[in-house]
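Please read them with the coordinates open.

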Amino acid sequence: MRAILTTIGKDKTGIIAGVSSYLAQNDINIVDVSQTIMDGYFTMMMMVDVDAAAADFEKLTQELDALGTKLGVDINIRNQEMYDAMHQL
């Protein structure tokens with residue numbers, strides 16, 4: 001399953017390293033990524049493949065939320081199918 005992961009917060013060193021390290025440690029592959037800094041705020045959107053993930057989706061959500069708190073950013077992960085369903089007519 002693919003998922004959309006977003007990360008937003010005040011820019012500082014270590015955000016990309018923290019998120020990508022967590023993903024690698026949990027066998028989550030980054031399929032695509034876009035990131036920018038807007039007026040001092042870091043924003044990143046990733047498409048990730050969670051098929052081989054070491055934990056179930058609910059646990060990943062909880063752990064990423066905790067990681068966001070540690071890094072001082074908001075991290076959200078959502079199933080890509082939800083986005084696809086929202087955009088169907």
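1. Q25 belongs to helix α1, which covers residues 15-25; helices here are DSSP runs of H or I with at least four residues, strands are runs of E with at least two, and both are numbered from the N terminus. Q25 is exposed, because its relative accessible area is 63%, where exposed means over 50%, buried under 20% and partly exposed in between, with a 1.4 Å probe and protein chains only. Between the C-alpha atoms of Q25 and A53 the distance is 9.1 Å, although 28 residues separate the two in sequence.

2. A caution on provenance belongs here: this is a predicted model, in which local features need pLDDT of at least 70 and side-chain atom pairs count only at pLDDT 80 or more, while totals for chains, interfaces and linings use all residues. Residues are numbered from 1 along each chain as its sequence is written, and side-chain values use heavy atoms, with hydrogens and water left out.

3. N26 sits in the loop between α1 and β2, and N26 counts as buried because its relative accessible area is 11%. Leaving aside residues up to four places away in sequence, N26 touches A52, A53, A54 and E63, a contact being heavy atoms within 4.5 Å.

4. M1 lies in the segment before β1 (2-10) and is partly exposed, because its relative accessible area is 30%. Apart from residues up to four places away in sequence, M1 touches V48, D49, V50, D51, F57 and N79.

5. Taken as a whole, the protein has 3 helices and 4 strands, in the order β-α-β-β-α-β-α from the N terminus on. Of the contacts between residues at least 6 apart in sequence, 66% join residues at least 24 apart.

6. On overall dimensions, the radius of gyration of 13 Å agrees with a compact globule, because a globule of 89 residues would have a value near 12 Å; the radius is taken over C-alpha atoms, and the globule rule is 2.2 Å times the number of residues to the power 0.38. Along the principal axes, the C-alpha atoms fill a box of roughly 35 × 35 × 20 Å. Buried residues make up 34% of the 89 residues.

7. Finally, on charge, there are 6 positive and 13 negative side chains, and the centres of the two sets lie 8 Å apart. Lys and Arg count as positive and Asp and Glu as negative, with His and the chain ends not counted, and each charge is placed at NZ of Lys, CZ of Arg, CG of Asp or CD of Glu.
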